[in-house]
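Please find below a colleague's note on the structure under review.

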Amino acid sequence: MTTATIGGIGKFDGQEVTIQGWLYNLREAGKLLFPQFRDGTGVIQGVVVKKETPEVFETVKHLTQETSMRVTGKVRADARAPGGYEMQVTGVEVLQRIPPEDPYPITHKEHGPDFLLERRHLWIRTPRQNAILRIRHEVIRAVRDCLDGEGFILVDTPIFTPAACEGTTTLFECDYFDEGKAYLTQSGQLYNEATSAALGKTYCFGPTFRAEKSKTRRHLTEFWMVEPEMSYAGIDDVMDLCERFVSFIVGRVLERRAADLATLGRDLSKLQTVLTPFPRISYDDAVAILKRKGSAIEWGGDFGNADETLLGEEFDRPVMVHRYPAAIKAFYMQPDADRPELALGVDVLAPEGYGEIIGGGQRIHDYDLLMSRIKEHGLPPEAFAWYLDLRKYGSVPHAGFGMGIERVVSWICGLEHLREAIAFPRMLYRIYP
Ligand code: 4AD
Ligand code: MG
């Protein structure tokens, strides 16, 4: 017997095949049973007719949700069926039947978020979570295809680091043998600056950590970030790459994951407009827009979540806000030559209230300036000696950015909270399962 996946069942219309999966749901209608099976690639409805297959009918009738089983049956196209196909079941082989006394905890009724998060290891089996995880996979594939296609070299950067990259308030600290304190990386950027001086254009892609005390729908303590870095580049090159990159990723998901977006009920018209060019506005202009829209922001302040939402609402695609006050940005940002109080940094804000998905910009390439910034920020110059070396030996203007995968997945999927954008979210009050 041919084994098929539910996602690829269309190739077997009219044939008898076996699928390997789990019972997702079961509806009874007199002498007919309508079991739904899932196998991770999709959900298919089966039909069991009592008078044709009485033994199968008796077995299936007593099966419980999430029972693991192999199901054999004849595939037939049916426009009314979800997924477009149905299976006329002729045989079942049960691997593990779940006893009714200790049933699968996640039923088809509504459950609260805490109940589901406590059972995240099971929750990921539902069609909605399957769709999100498949879209995440596609986003990651698109990230790699885009950067690889543009000639970037992937160089992995360390997770244990001796120094802070994005401020000292969100560092996770641990003891590192006789070497003293180590910190979980907040960003691979500083190492990317070394690898891009070695290889031209590089990126790192891995988990990053922030001891964020904020309990918002946009923050995780562990999240995945992709960070490209380019030698001989400035802030405009970063903005050019950002818009090519983000539109490529959204285009890929639209092209390859339409069925999953449909499962999520995502409004595609909100994604179809994500085309180059993206609007570019200065921080000054952004503050003016926010004031007009009633925000309490004053020049010099950082945008709150509400401000990012207000700005995002102005545009039908991501907006790039550049040239922030240096005082609210990281120590490594290159000052604007015309207005040194501004940093050549850029944030990309997604529409529909999703806020910042990318942060980046041009880095300081002058040794003395970088040294004085390290001291002003109260950072230990010894820990940055290697980083300062990059400004001693063939320093060039260079630039790059970091994009948070969960932020992008949330936005593309239209999620309420970042916690659904990763299989096992790590948050202020959650480290289980
Ligand atoms: O803006 P951030 O802090 O920038 C950096 O870390 C730079 N060193 C990157 C670089 O230039 N190479 O973080 C970059 C992105 C944010 O725009 C956001 O998408 C994501 O990382 N991010 C978070 N995602 C989830 N939870 C958090 N706590 C996040 N903090 C940042
Ligand atoms: Mg940022």
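Predicted model: local features only at pLDDT ≥ 70, side-chain atom pairs only at ≥ 80, totals over all residues.

The points that follow pass from the whole chain to the ligand site and then to individual residues.

1. The secondary structure of the protein consists of 13 helices and 17 strands. Its C-alpha trace extends over about 85 × 55 × 40 Å along the principal axes.

2. Of the 433 residues in the protein, 52% are buried. Among contacts with a separation of 6 or more, 66% are made by residues 24 or more positions apart. The protein has an accessible surface of about 19,900 Å², and carbon and sulfur atoms contribute 52% of this area.

3. The charges of the protein number 51 positive and 61 negative.

4. Which residues come nearest to ligand 1? They are Glu-166, Gln-189, Glu-227, Glu-356 and Ile-357, out of 24 residues around the ligand.

5. For Ser-187, an N or O atom of the side chain is 3.0 Å from a nitrogen atom of ligand 1. For Glu-212, a polar side-chain atom and a nitrogen atom of ligand 1 are 3.3 Å apart. For Tyr-332, the distance from a side-chain N or O atom to a nitrogen atom of the ligand is 3.3 Å. Ligand 1 taken alone exposes 630 Å², and 94% of that area is buried by the protein.

6. Thr-185 is found in the loop that links β10 (181-184) to α5 (189-199). Is this residue buried or exposed? Thr-185 is buried, because its relative accessible area is 4% and the cut-off for burial is under 20%. Beyond its neighbours within four places in sequence, Thr-185 is in contact with Pro-158, Ile-159, Thr-161, Pro-207, Thr-208 and Phe-209. Thr-185 and Val-226 are separated by 41 residues in sequence and, C-alpha to C-alpha, by 13 Å in space.

7. Arg-136 belongs to helix α4 (residues 127-149). Arg-136 counts as buried, since its relative accessibility is 10%. Setting aside residues up to four places away in sequence, Arg-136 touches Trp-224, Ile-405, Glu-406, Val-409, Ala-421 and Ile-422.

8. Most peptide bonds are trans, and most residues other than glycine have a negative phi.

9. The bond joining Thr-276 and Pro-277 is cis, with omega about -5°. Pro-277 sits in the loop between α8 (269-272) and β13 (280-282). A cis bond also runs from Tyr-432 to Pro-433, where omega is near 0°. Pro-433 is located in the segment after α13 (405-413).

10. Glu-66, a residue other than glycine, has a positive phi near 75°. Glu-66 lies in the loop between α1 (54-61) and β5 (68-77), and at 5% relative accessibility it counts as buried.

11. Glu-352 likewise has a positive phi, near 60°. Its place is in the loop between β15 (342-350) and β16 (355-362). Why does Glu-352 count as partly exposed? The relative accessible area of Glu-352 is 31%, and therefore it falls between the limits of 20% for buried and 50% for exposed.

Note on methods
Residues numbered from 1 in each chain as written. Chains lettered and ligands numbered in written order. Heavy atoms only, no water. Helix = DSSP H or I, 4+ residues; strand = E, 2+ residues; numbered from the N terminus. Buried < 20%, exposed > 50% of the residue type's maximum accessible area, 1.4 Å probe, protein only. Contact = heavy atoms within 4.5 Å. Areas by Shrake-Rupley, 256 points an atom, 1.4 Å probe, with all protein chains shown as cover. Lys, Arg positive; Asp, Glu negative; His and termini not counted. Charge placed at Lys NZ, Arg CZ, Asp CG, Glu CD. Near = heavy atom within 4 Å. Polar contact = N/O pair within 3.5 Å; in protein donor to acceptor, adjacent residues only side chain to side chain.
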